[in-house]
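Okay, everyone, thanks for coming. Let me put the model up and walk you through some of its charged pairs.

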Amino acid sequence: MLDLRDSFIAGAYIVAAVLFIFGLKRLSSPASARSGNRLAALGMLLALGATLLDRQILSFGTIAAGMLVGAGIGTYFARTVQMTAMPQMVALFNGMGGATAALVSIAEYLRLTSAGEATGAGETTSIVMGTFIGAVSFTGSLVAYGKLQEILSSKPLQFPLQRIINTVILLAVILVGAAVVMNRGGTAALWMVFAGALLLGAMFVLPIGGGDMPVVISILNSLTGLAAALTGFVLHNQMLVVAGVLVGASGTLLTLLMSRAMNRSVGNVLFGAFGATTAAGAAGTDAVALPVRQTTAEDTAIALAYARSVVIVPGYGLAVAEAQHTVRELATDLEKRGVDVKYAIHPVAGRMPGHMNVLLAEANVPYDQLLEMDQVNGEFAQTDVVLVVGANDVVNPAARDDPSSPIYGMPILDVDKARNIIVLKRSMGHGFAGIENALFHHEKTRMLFGDARQSLTEVGQALKLV
C-alpha cells in the first residue's frame, strides 16, 4: 500500500512538473498566457494534492485552515487590486514566498535539532542558504513594494559608507552561517543569520531608484525560487525543488532580458543608483526655452480620421488614468473608418514586465495588434500618426542620438520617424530617468495635455463629428 502511494506521489510530481514547464512556455505569448496560467495552476493543484498524501504530514486541520486563509486573501486581491498596483502586489506576494522559504528552513532545523537527529554539512548548508536568501527576498520585496506604492521615496536612498556597511553585514552573515554549518553556532546562530539577512535585504534595495524596481522585483523573484528549491532539498521534496528551480531560472532569464532592453548591466541596475545624478542635468535642460507645440482634441480627431495607419504607444500614464478601455473604444471607431490601428509595446513600459500587454488584454485588444519593439520599429516611417499615451523614456530619441544622455544606448520605440506624433500627457514632467524628453519638442510632435482618459474621451467625441 505504501509503495502504491509513493508511486502515485512520484507520478503526480512528474506530471505537475511537466505542467509547470508547459505553463511557463505558454506565458511567453499574450495570446497563450491565460492557458499557461491555467496549466501551471493545475500543476500546482496536483502537486498540493499529492503532497497531502505524504505520510509525514500530521495536521490536516492546520493545513486546511491555512489554505482557506490563503485562498481568501488571494481571491480578495485578485478582484480588488487595480492594474496600476499590480507590480506592488507581485512584489508583496514574492516577499511572502521568500519569508515562507526562510521560516520553513528554520523550522526544519529546529525540528531536527530538537529530535537529536544529525544533519550533514550539505543539508545544513541548504538550511542556512534557504534562510539567508529567503529573508533577503522578503525585506527586499517589502522595500520594493514601498517604493512602488510611494510609501517610501522612489529616489535612490543613499548614505555615506553604505556599500562598506552592506559588505560588513554580508561578511558577518557568512561567518555566522559557516558556524551553523560546522555545528558550532546552533539555533541562536541561525536566527542571527535570519536577522542579518532581513537587514541586508532592505539595505540592498534602498539605494535603487523606483524606475528600476521592475528589474529588482525580477531578481528577487528568482531569489525566492532559489530559496524554495533549497527548502525542497531540506524537506526532501522533489516537487518543491523543481518548482523553485523553474522560478529561479525564469526570473534570471527575465532579469537579463529586461536589462538588455534598457541597455544596462544587472550590476549597473543594482549598484548604479540610476536617477540619483540626473536631476541636475534635467534642471539644466529646463533652463533652455525649448519649443512645445500644443494641439486640441478636435485637431487630434481630424488627424486620426484622415490617417491610413495609426500606432498607439501605451505607457504607465495609460495605466494611471485607467484609460485602456477608452483607447480601445477610440481604436474601434478608427477601424470602422478603415484606419489600420496597431499598438507598440516596449519591453519595459509600465512598472512590470508585460504590464501594457495585460492592461490592453483587459480591454479586449486583439493580441495580433500588440507588436513588440522589434516588430514595429520598422513600420514607424510609414505610419501617418503615432499616438503616445503616457509613455516617456521608452520613446525618448536621446537614447539613440545623445551620447551624453544617461539613457543613451537603451533601445527605444522609434516614434520620431513617424509622419505625425501626438503625445497625451498631464504635463511636461519627466519620466523615471528624470531627464527631458527630446520627442516632446520635436517639430512633428503635438502635445495634448490633460488626463489621458478624459483626453481620449474628448478625441472620441470629436471623431464622431468629423
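So, Arg308 is exposed, at 61% relative accessible area (exposed is over 50%, buried under 20%, partly exposed in between, with a 1.4 Å probe and protein chains only). Before I go on: this is a predicted model, where local features need pLDDT of at least 70, side-chain atom pairs count only at pLDDT 80 or more, and totals for chains, interfaces and linings use all residues. Residues are numbered from 1 along each chain as its sequence is written, and side-chain values use heavy atoms, leaving out hydrogens and water.

What does Arg308 form a salt bridge with? Its partner is Asp384, with the closest N and O atoms 3.7 Å apart. By salt bridge I mean a side-chain nitrogen of Lys or Arg within 4 Å of a carboxyl oxygen of Asp or Glu.

Asp384 itself is buried, at 11%. Arg419 bridges to Asp384 too, the closest N and O atoms being 2.9 Å apart; that pair is separated by 35 residues. Arg419 is partly exposed, at 38%.

Next, Asp416 and Arg400: here the closest N and O atoms are 2.5 Å apart. Asp416 is buried at 10%, while Arg400 is partly exposed at 29%. Bridges with shared partners join Arg400, Asp401, Asp414, Asp416 and Lys417 into one network. And the total count? Twelve salt bridges.

Notes:
Helices (H or I, at least four residues) and strands (E, at least two) are DSSP runs, numbered from the N terminus.
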